[in-house]
Amino acid sequence: EEFYNYYTGRNGTPFNHFASEFIKATYTNSKTAGDAQRSLSLFTAHCPTLESVSARAVMTWIDTETRSQSTVSKTKTFLSKYWKYLQQRDYVSRDHKPFTDIELPKTLKPRQAREAYTDDEIALILEHLYLKQDKALTAITRLAMYTGARISELAGLVIDSVISVDGIVCLKIDDAKTKAGNRFVPIHPEIQELINALITDSTDGYLVSGVKSKGGKARRADVLGKRYGRLVRNDCKLPKSKVFHCFRNTVATKLEAAGIPENIAADIVGHDKATMTYGLYSGGTSTQQKFEAIKAIKFEA
């Protein structure tokens with residue numbers, strides 16, 4: 001009975017007891033906070049209490065995983081940060097390090113590589129979007145085509161996110177998952193009319209409005225992402241490797257093909273720059289530089 005109560009969490013401190021305060025203190029981006037919450041909840045099913053966490057328990061959890069190696073690694077990172085948070089506050093022993101030196105087995109399936117869309121695939125997607133008459137999904141797809149922004153970034157944009165920077169109309173992204181992701185993206189001439197229409201027609205303050213989401217802002221991207229997934233899978237018959245995130249690959253590919261320097265492309269899509277000169281000391285490329293680069297993105301219909 002004692003053993004049963006221990007491993008079902010009836011005795012001891014629930015593993016996720018401090019999860020809320022940890023997430024509040026650690027993450028500002030709602031998407032990342034949600035990922036962290038799901039990771040802690042998942043592991044709680046394997047180790048209900050803080051007292052039951054051990055290196056063996058961690059490996060037992062990993063051995064049951066069927067997700068990709070990159071996804072499991074992401075979950076393990078959240079768990080490690082949570083455990084370090086607990087140690088720093090003396091909620092658990094500083095000498096007990098169950099997540100240290102745990103290597104993921106190579107038997108976990110590799111992450112499916114994301115690929116850029118071809119122009120023919122883009123045309124096919126737009127064709128089926130037209131048939132669906134899904135205004136919100138069509139709008140967010142076209143925005144992604146010419147910005148390379150993440151679906152969570154686009155779904156969270158409000159009317160006031162459209163601003164003028166150095167005389168150039170831009171999208172202000174300020175709730176990205178990384179610091180580099182917070183940026184100004186000049187609006188491509190091809191979507192200027194779309195932006196104007198979205199502002200005029202907005203019924204809820206969001207740039208892409210009319211998305212019914214019970215979870216508020218944080219869940220809008222999930223709603224649109226699922227609809228997009230059904231479209232490309234069931235209607236367009238595209239492979240599983242083609243997802244919404246592939247628009248980031250597509251924009252990066254278009255920029256590289258046009259000869260755009262990598263540092264400018266990184267500032268557009270919101271990637272960290274690895275070099276010390278550009279990554280640490282530079283204040284970033286100008287709005288005009290980004291605008292000229294953005295205009296190089298073209299699709300052959």
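Biologist: What covers the buried residues of helix 2?
Modeller: The cover includes helix 3 (30-44) and helix 5 (69-88), where contact means heavy atoms within 4.5 Å and helices are DSSP runs (H or I, at least four residues) numbered from the N terminus. This is a predicted model, in which local features need pLDDT of at least 70 and side-chain atom pairs count only at pLDDT 80 or more, while totals for chains, interfaces and linings use all residues. Residues are numbered from 1 along each chain as its sequence is written, and side-chain values use heavy atoms, with hydrogens and water left out.

Biologist: Which residues in helix 2 are buried?
Modeller: In helix 2, residues 19-26, they are Ala19, Phe22 and Ile23, buried being under 20% relative accessible area and exposed over 50%, with a 1.4 Å probe and protein chains only. Viewed down the helix axis, these buried residues fall within an arc of 95° (from axis to C-beta directions), so they line one face of helix 2.

Biologist: And which are exposed on the other side of helix 2?
Modeller: Ser20, Lys24 and Ala25 are exposed there.

Biologist: New topic: at what angle do helix 6 and helix 10 pack?
Modeller: Helix 6 (residues 119-132) and helix 10 (residues 217-235) pack at about 110°, with their axes 11 Å apart, the axes being lines fitted to C-alpha atoms over the stretch in contact and the angles running from 0 to 180 degrees between N-to-C directions. Helix 6 is therefore roughly perpendicular to helix 10 (65 to 115 degrees).

Biologist: Which residues meet there, in helix 6 and helix 10?
Modeller: Ile125, His128, Leu129 and Lys132 of helix 6 meet Tyr228, Leu231, Val232 and Asp235 of helix 10. By class, the residues of this contact divide into 5 nonpolar, 1 polar and 2 charged, with Tyr counted as nonpolar, and Asp and Lys as charged.

Definitions and conventions:
Helix = DSSP H or I, 4+ residues; strand = E, 2+ residues; numbered from the N terminus. Parallel < 35°, antiparallel > 145°, perpendicular 65-115°, else oblique.
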